[in-house]
Amino acid sequence: MDNKNQNSGGDKKNNKKPPKSGWIICLVAALVLVIFFSYMSKQMDAAATQEVTYTEFLRMIENNRIKEVKLDYDKGKITIYPSKINDQQSYGITYYTGMVNDSELIERLNKAGITVGSPYVDKSTTIIDILLAYVLPFVIIYVIMFFLFRMLTKSGGGMMGGVGKSNAKVYVEKETGVTFKDVAGQEEAKESIKELVDFLHNPGKYTQIGAKLPKGALLVGPPGTGKTLLAKAVAGEAKVPFFSLAGSDFVEMFVGVGASRVRDLFKQAQSQAPCIVFIDEIDAIGKSRDSHYGNDEREQTLNQLLSEMDGFDTSKGVVILAATNRPEVLDKALLRPGRFDRQIVVDRPDLKGRIEILKVHAKNVLMHDSVDLDAIALTTSGAVGSDLANIINEAAILAVKEGRAVVTQNDLLESVDMVIAGKEKKDRILKLREKKIVAYHEVGHALLTTLEKNAEPVQKITIIPRTKGSLGHVLQAPEEEKFMSTKEDLLAQIVIYLGGRAAEELIFHSITDGAANDIQQATALARSMITQRGMSDRFGLIALESIENRYLDGRPVLNCADATAAEIDHEVMEMLKKGYERAYQLLSENREVMDRIAEFLIEKETITGKEFMEIYHEIKGQSIEQPPALEKDKGEE
Ligand code: ADP
């Protein structure tokens with residue numbers, strides 16, 4: 001185990017440090033310079049010297065034109081220096097000629113009084129000579145090859161050596177540092193995955209009895225719900241290395257690269273077993289192969305993945321975990337027993353889950369004693385783990401910005417607004433008329449929320465523009481989380497969505513484009529009631545739409561005849577019309593409350609649920625049944 005950790009640690013180190021291609025560039029540049037300079041110096045030598053024939057050389061001796069010669073027997077070269085006195089024309093030029101077998105040469109030179117020289121050559125060989133001549137070139141070539149190889153294998157792509165090398169990042173247990181305690185609110189998912197940990201701890205226990213363990217598990221759920229975190233926690237709990245790779249890392253432009261990366265990844269994983277291999281966004285390679293637009297590279301990669309999963313031996317303790325938010329597009333072959341035969345749903349956390357996630361992230365942040373994470377969890381229905389982590393972090397940043405040492409409840413509430421609606425846009429100043437319209441619009445929503453008994457109470461209304469584009473919004477706080485809704489609840493929700501527009505028309509007798517988003521939401525809800533939830537008298541229980549990409553945008557797809565589609569549109573219009581009429585009527589009956597609350601809002605820009613209900617009760621009298629929001633608000637303040 002130690003050994004493996006060291007190996008993988010080494011790998012990680014290599015992964016961290018990019019190849020020093022700079023070294024190679026320097027080395028090559030130095031070599032080019034050396035070659036260039038030696039070539040240039042030869043050229044310059046050649047320009048200053050001239051070759052003569054041996055006969056010419058002898059004639060020069062006879063004519064007494066030479067002052068000195070140098071005889072180089074090793075090179076077989078005679079270098080000739082003309083005399084300044086007897087040959088002024090040639091003085092300054094150095095001549096040379098080849099050595100011939102002339103036994104009288106020395107005598108001739110002596111007779112002519114020419115100085116004879118010869119370079120001294122030490123013929124004895126030292127160790128340094130041997131090293132320089134024989135070892136150094138090999139060392140240089142080795143160094144160059146080493147760096148080139150490293151650069152090509154580490155670059156991970158490219159057309160040469162990088163092909164097929166996987167970019168798998170190897171983590172060791174002490175570096176993942178994640179345990180099941182860090183993954184909050186996913187109890188069912190943790191439960192199903194726990195036996196994998198036990199298997200990694202003692203594979204023998206299972207193999208002894210003849211049990212085959214699942215080769216892989218597929219974590220399915222919306223983005224940010226903690227799939228990666230859960231996979232890391234399995235590695236952390238089992239204290240085994242964690243290989244992580246995204247599906248898109250496999251696929252390159254070149255056909256065959258993905259397949260060889262898959263091979264390489266499995267080879268690495270098996271050499272480090274027991275370990276966890278985590279493939280994020282597996283749909284990038286695992287898409288169904290029967291789609292019309294084939295992609296050779298993706299299909300080859302998928303085929304390789306399928307055959308590797310068949311081929312490897314689970315008893316060694318390699319577990320493949322994969323994550324996706326589009327399980328419906330995956331190839332059936334991937335999901336059959338023996339491959340990803342387990343699907344673990346990691347869904348959006350419920351209220352309890354959100355409270356736990358907030359607690360996990362609040363652990364490392366200094367919080368004021370009055371902070372009530374339950375209240376924050378209540379206002380964030382639909383948020384996933386990463387949103388909640390973000391809310392805590394933003395709140396901490398807010399506290400620092402305001403020079404506080406601890407995070408308060410207000411920081412957290414402001415941070416919820418920020419994550420949901422964006423930052424406050426303080427420079428966007430609304431004109432008074434616009435401000436009035438926005439205020440009435442938002443009060444319209446909020447008042448209807450309170451009036452419609454079945455709807456959720458309001459937590460806060462604000463008309464401060466936000467960076468995500470809204471000019472104001474109502475923060476609704478569900479008193480308790482609902483897992484199902486009645487038809488009346490949903491109809492009331494449509495009335496609330498349309499309350500903004502109804503208020504505008506009632507007060508200003510004109511309408512604005514500020515209700516576009518409300519109308520979209522109301523339409524989507526009405527449509528789903530008719531086509532999916534069987535809540536229309538006209539169509540009854542027929543399923544007219546199905547949902548695609550359930551964990552992403554949840555886009556509905558119609559499965560009915562065109563004529564029926566037109567009828568559905570009619571039915572939706574009817575439902576929305578009725579909802580709007582009800583909104584208009586309710587608001588006109590409560591005009592006074594609306595005016596008072598809008599007035600307050602225009603002046604203060606923000607009104608809490610408590611202040612809202614105080615005004616409401618003041619005008620309507622205490623006889624009105626007190627909605628649960630007031631209780632909650634009281635508890636929070
Ligand atoms: P996914 O892989 O599902 O898209 P991640 O696992 O990458 O999501 O989650 C992103 C971050 O969100 C995590 O690093 C963690 O800080 C936070 N997070 C998500 N889910 C949870 C959870 N259940 N408990 C604690 N933190 C969570």
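Predicted model: local features only at pLDDT ≥ 70, side-chain atom pairs only at ≥ 80, totals over all residues.

User: Got it. So how does the shell around the ligand divide into nonpolar, polar and charged?
Analyst: Five of its residues are nonpolar, eight are polar and two are charged.

User: And which residues are closest to the ligand?
Analyst: Ala 184, Gly 224, Lys 227, Thr 228 and His 361 are the closest, out of 15 residues that surround the ligand.

User: Which helices supply at least two residues of that shell?
Analyst: Helix H9 (227–238), helix H15 (351–362) and helix H17 (385–401) each do. The largest share comes from H9, with three residues.

User: What about backbone atoms, how far is Ala 184 from a ligand nitrogen?
Analyst: A backbone N or O atom of Ala 184 sits 2.7 Å from a nitrogen atom of the ligand. On the oxygen side, a polar backbone atom of Gly 226 is 3.1 Å from a ligand oxygen atom, and a backbone N or O atom of Ser 386 is 3.5 Å from an oxygen atom of the ligand.

User: How much of the ligand's area does the protein bury?
Analyst: The protein buries 78% of the 560 Å² that the ligand exposes when taken alone.

User: Switching topic: what's the mean pLDDT?
Analyst: For the protein the mean is 78, and 80% of the residues reach 70 or more.

User: Where does pLDDT stay under 50?
Analyst: One such stretch is residues 156–174, for which the model has 60 contacts beyond four places in sequence. Another is residues 623–637, where pLDDT is also below 50 and the model has 25 contacts beyond near neighbours in sequence.

User: OK, zoom out. How many helices and strands are there?
Analyst: The protein has 25 helices and 16 strands. Of its 637 residues, 43% count as buried. As for surface, the protein exposes about 34,600 Å², and carbon and sulfur atoms supply 54% of that.

User: What share of the contacts joins residues at least 24 apart?
Analyst: That's 72%, taken among contacts between residues at least 6 apart in sequence.

User: Why does His 509 count as exposed?
Analyst: Because its relative accessibility is 66%, and exposed means over 50%. Glu 281, at 41%, therefore counts as partly exposed.

User: And Asp 283, is that one buried or exposed?
Analyst: Asp 283 is buried, because its relative accessible area is 8%, and the cut-off for buried is under 20%. Asp 283 is placed in helix H12.

User: Which side chain makes a polar contact with the side chain of Asp 283?
Analyst: That would be Arg 326, at 3.3 Å. Leaving aside neighbours within four places in sequence, Asp 283 is in contact with Thr 324, Asn 325, Arg 326, Val 329 and Leu 330.

Methods
Residues numbered from 1 in each chain as written. Heavy atoms only, no water. pLDDT = per-residue confidence, 0-100. Contact = heavy atoms within 4.5 Å. Near = heavy atom within 4 Å. Polar contact = N/O pair within 3.5 Å; in protein donor to acceptor, adjacent residues only side chain to side chain. Areas by Shrake-Rupley, 256 points an atom, 1.4 Å probe, with all protein chains shown as cover. Helix = DSSP H or I, 4+ residues; strand = E, 2+ residues; numbered from the N terminus. Nonpolar A, V, L, I, M, F, W, Y, C, P; charged D, E, K, R; others polar. Buried < 20%, exposed > 50% of the residue type's maximum accessible area, 1.4 Å probe, protein only.
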